[in-house]
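Subject: Handover of a structure

Dear colleague,

Please find the structure below, together with its sequence.

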Amino acid sequence: MSEEIKNNTAQKPEEKGKRPKNSFDTMFGNKGKKPKFNIYWIYGLIAVAFFGIQFFNFGSGPILITWDKFEKDILKANEVEKLVVVNSKTVNIYIKKDKLNLPKYRDVQKRGSSFSGPGAQYYFEVGSMEVFEKRLEDAQKENPEIAKITPSYETKEDWFGTLLGWIIPIILLVLLYLFIFRRMSGGGGPGGQIFSIGKSRAQLFDKETSININFNDVAGLAEAKVEIMEIVDFLKNPQKYTQLGGKIPKGALLVGPPGTGKTLLAKAVAGEAHVPFFSLSGSDFVEMFVGVGASRVRDLFKQAKEKSPCIVFIDEIDAIGRARGKNPNMGSNDERENTLNQLLTEMDGFGTNSGVIILAATNRADILDRALMRAGRFDRQIHVELPDLNERSDIFKVHLKPLKLGSDVDTEFLAKQTPGFSGADIANVCNESALIAARNNGTLVEKKDFLSAIDRIVGGLEKKNKIISFQEKKTIAYHEAGHATISWLLRYANPLIKVTIIPRGKALGAAWYLPEERQITTTEQLLDEMCATLGGRACEDVIFKMISTGALNDLERVTKQAYAMIVYFGMSDKLKNISFYDSSGQADYAFTKPYSDKIAEVIDTEVQEMVDTQYKRAVEVLQNNKEGLEKLANKLLESEVIFSEDLETIFGKRPFDVVIPIPVSEVVENAVSEVKPN
């Protein structure tokens, strides 16, 4: 399953009537809600008005002019009523009232009035009072016809400036304190969250922040959904179970490989239950400060009890749930262990039928502490496995909804082409196919786009321009032909779909197979697969009498498989029915192996003999079918890509083979399953 599926269907009933989002909502994070009234808005408007009155005269104050303009246009015209010197810095000029009607004073006719009475119309600034008085006296001597004007002097206290000088530093200190306090109590960055570091980081989903994902968006996982839906029913109708004396389960653990839909299933529970849902990760509890993890656990469960009934979902719980005493680096004072101890206490300390259910998800259940796994804490373990054929078809149907599909796209076909794919892989295939169709200027996403996407994801991007010499290309062709030949001729080897010598990713060549979906594997099946894997190296030995480094990946897989067969599965002649596999994971911290040095020698000998036997078998098969091998290699050199139809033409039909569920003629461009890079 993908981590999240967008529901593109019609608007749900509960969403009707909501105001649609616009760019303003998006910019300021309103999310369709009307902004709430805040008293600080009033304070802000008052402050703006106060500063505006002080700094803007709104057309009523005097106009600044120069001394020359004053002397020439006003003083010599004998139109000055009086001069007032203010604080020995500025000189206010008052015009005679009978002269204000002149055209040259049109711009100041409405000036000079204020709440305190008539005011000045003009003013100019002076640098020195002695110079000003002398220039005024000289101007009056030169023009004896004008009335003599004696300036008056005033001293005005700037109460606003003085007050501002006191208030602004105080305001700045308060703002700085609030900024630092907010950073320490909830903001990000280094040193942040000093005062709230012990608070839970769980994200709460309730009626206001509802989740639109439900069980219809979770394709496949039929068995897991049955169990998880019971938990939803517990929360909706608790009396149905408690009246019979039953107790609501305290916890459920979702276990499965990555990408199978554990988190998506938890989101569906949140969308279906309609109860408060706390979501967080196991790493959210861990902090560098001692005691923080335990404090966050306490705060989380305190909030959960207040919101009861509710669900608490802890994703990747193995971050804090690892078995205690297994970390050799931290010693006894391990913060993670303290957090786990507090979690164990809180989970086992609930009152009966309190309505708080813990959901957790992990893909490493084998390393979890046994005290955490016991009944009474996690009463249920819900296994979320890789989807089978039918489930993959259902998952494709979900992810294909937003795509514009061609008429040749069939979900059954795509499901058969993707064995071993998780839900996240299938979502990636659908997205990649749409990108490939757009890259090729297609108007619809067709079958060939899906097949190309599968090849792209499994094998990597084609590198047709990679420089490869003819001898290297010939070696690669025979190597891949060796794999194809043996897989076609052995009974239990996986049926081959396609072979290519076009480089993909780091691989110089690749082979696609369609493995049978089975739950158990026999020794014969494993040995046939091992022989087919060694077919590339064996072919180089048979044809060229030399070997290359191209079989690195093949040898790695064969070696691991051989050790697993002997050490884990007990498929050895000398060590029959013995397994050294440790399902608890505790052997990871052991300094000694679970077997003696003598047994280790036997294991190494058995592995070497098993690999040698299958290699000799591969060489024998290729020598007996050398003519067909060379035809296949030449065909591969010529066309660079061959399909199972070409093998059937050369070697004939496999008499022991089950009919491949997909008509090979439909596979024009590509097909899938497992890449065998060189």
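A charge is said to sit over a ring if NZ of Lys or CZ of Arg is within 6 Å of the ring centre and within 35 degrees of the ring normal. Lys82 meets this rule with Tyr94, lying over its face at 4.6 Å from the ring centre. Likewise, the charged end of Lys447 is placed over the ring of Phe413, 4.3 Å from its centre.

Please note that this is a predicted model, in which local features need pLDDT of at least 70 and side-chain atom pairs count only at pLDDT 80 or more, while totals for chains, interfaces and linings use all residues. Residues are numbered from 1 along each chain as its sequence is written, and side-chain values use heavy atoms, with hydrogens and water left out.

Turning to the interior, a nonpolar core is a set of buried Ala, Val, Leu, Ile, Met, Phe, Trp, Tyr and Cys residues joined through side-chain atoms within 4.5 Å. Buried denotes under 20% relative accessible area, exposed over 50%, and partly exposed in between (1.4 Å probe, protein chains only). The largest such core has 32 residues, and Ile486, Leu496, Val499, Leu632 and Leu647 have the most contacts inside it. Its largest share, seven residues, is supplied by α17; helices (H or I, at least four residues) and strands (E, at least two) are DSSP runs, numbered from the N terminus. Leaving aside residues up to four places away in sequence, Leu647 touches Ala484, Trp488, Leu496, Leu632, Ile642 and Gly652, where contact means heavy atoms within 4.5 Å. A second, separate core has 29 residues, including Val232, Ala266, Phe277 and Val384.

As to aromatic residues, rings of Phe, Tyr and Trp (its six-membered ring) pair if their centres lie within 6.5 Å; planes under 30 degrees apart count as stacked, over 60 as edge-to-face and the rest as tilted. Ten aromatic pairs are counted by this rule. The pair of Tyr568 and Tyr581 is edge-to-face because the ring centres are 5.3 Å apart and the planes stand at 75 degrees. Tyr568 belongs to helix α20 (residues 552-568), whereas Tyr581 lies in the loop between α20 and α21, 13 residues apart. Tyr568 is partly exposed at 40% relative accessible area, and Tyr581 is exposed at 56%. Phe580 and Tyr595 are also paired edge-to-face, with 4.8 Å from centre to centre and 65 degrees between the planes. Finally, one aromatic cluster is formed by Trp67, Phe70, Phe124 and Phe132.

Yours sincerely
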